[in-house]
Amino acid sequence: MINAIEAMADNICARHLRIASSHPSAKVIRIEVADNGAGLSDAVIGKIFDSFYTTKAEGMGMGLTISNEIIKRHGGELRAENRPQGGSLFWFTLPL
Ligand SMILES: Nc1ncnc2c1ncn2[C@@H]1O[C@H](COP(=O)(O)OP(=O)(O)O)[C@@H](O)[C@H]1O
Ligand SMILES: [Mg+2]
């Protein structure tokens, strides 16, 4: 959510942060965080889960690395995508 807010800092249009939960199957939950910010270039998408990868002057580049590891170790997956209308969508699943 902080990443989403930071990605919308330069928005000219209104900022939209959407958090949604769903239950795609009986034993899985899915959480989504979507924004209408800068979105993800191909270069960023390829490195987004790498340790210390950041595009921010004050960034550390560990937030998504740690999130990805925690989710994987709990048997889930974390993905980052561009939204067709602009901005990005991060989603993860966790088994129940
Ligand atoms: N919602 C987002 N929209 C656009 N880019 C993002 C978003 N979330 C993460 N990123 C990109 O992924 C990089 C790594 O994120 P993160 O691991 O949280 O580290 P940090 O926030 O310290 O840079 C960010 O620097 C940014 O380039
Ligand atoms: Mg971050």
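Asn11 touches Asn36 and Gly37, not counting residues up to four places away in sequence; contact here means heavy atoms within 4.5 Å. This is a predicted model, in which local features need pLDDT of at least 70 and side-chain atom pairs count only at pLDDT 80 or more, while totals for chains, interfaces and linings use all residues. Residues are numbered from 1 along each chain as its sequence is written, chains are lettered from A and ligands numbered from 1 in the order in which they are written, and side-chain values use heavy atoms, with hydrogens and water left out.

**Asn11**

- Asn11 sits in the loop between H1 and strand S1 (17-25). Helices (H or I, at least four residues) and strands (E, at least two) are DSSP runs, numbered from the N terminus.
- The relative accessible area of Asn11 is 17%, so Asn11 is buried. Buried means under 20%, exposed over 50%, and partly exposed in between, with a 1.4 Å probe and protein chains only.
- From Asn11, the side chain reaches the backbone oxygen of Asn36 at 3.0 Å.

**Glu32**

- Glu32 belongs to strand S2 (residues 28-35).
- Glu32 counts as buried because its relative accessibility is 15%.
- The side chains of Glu32 and Arg30 are joined by a polar contact of 2.8 Å. Such a contact is a pair of N or O atoms within 3.5 Å; within protein, one must be able to donate a hydrogen and the other to accept it, and residues adjacent in sequence count only if both atoms are side-chain atoms.
- Beyond its neighbours within four places in sequence, Glu32 is in contact with Arg18, Ile19, Ala20, Leu89, Phe90 and Trp91.

- An oxygen atom of ligand 1 lies 2.8 Å from a polar side-chain atom of Asn3.
- Asp35 has a side-chain N or O atom 2.9 Å from a nitrogen atom of ligand 1.
- Met60 places a polar backbone atom 2.9 Å from an oxygen atom of ligand 1.
- On its own, ligand 1 has 530 Å² of accessible area, and the protein covers 92% of this. Accessible areas come from the Shrake-Rupley method with a 1.4 Å probe.

- Ligand 1 has 20 residues around it, and Asn3, Thr54, Thr55, Lys56 and Gly61 come nearest. A residue is near if one of its heavy atoms lies within 4 Å.
- Helix H1 (2-7), helix H3 (63-73) and strand S4 (88-95) are the elements that give two or more residues to the shell around ligand 1.
- H1 gives the most to this shell, with three residues.
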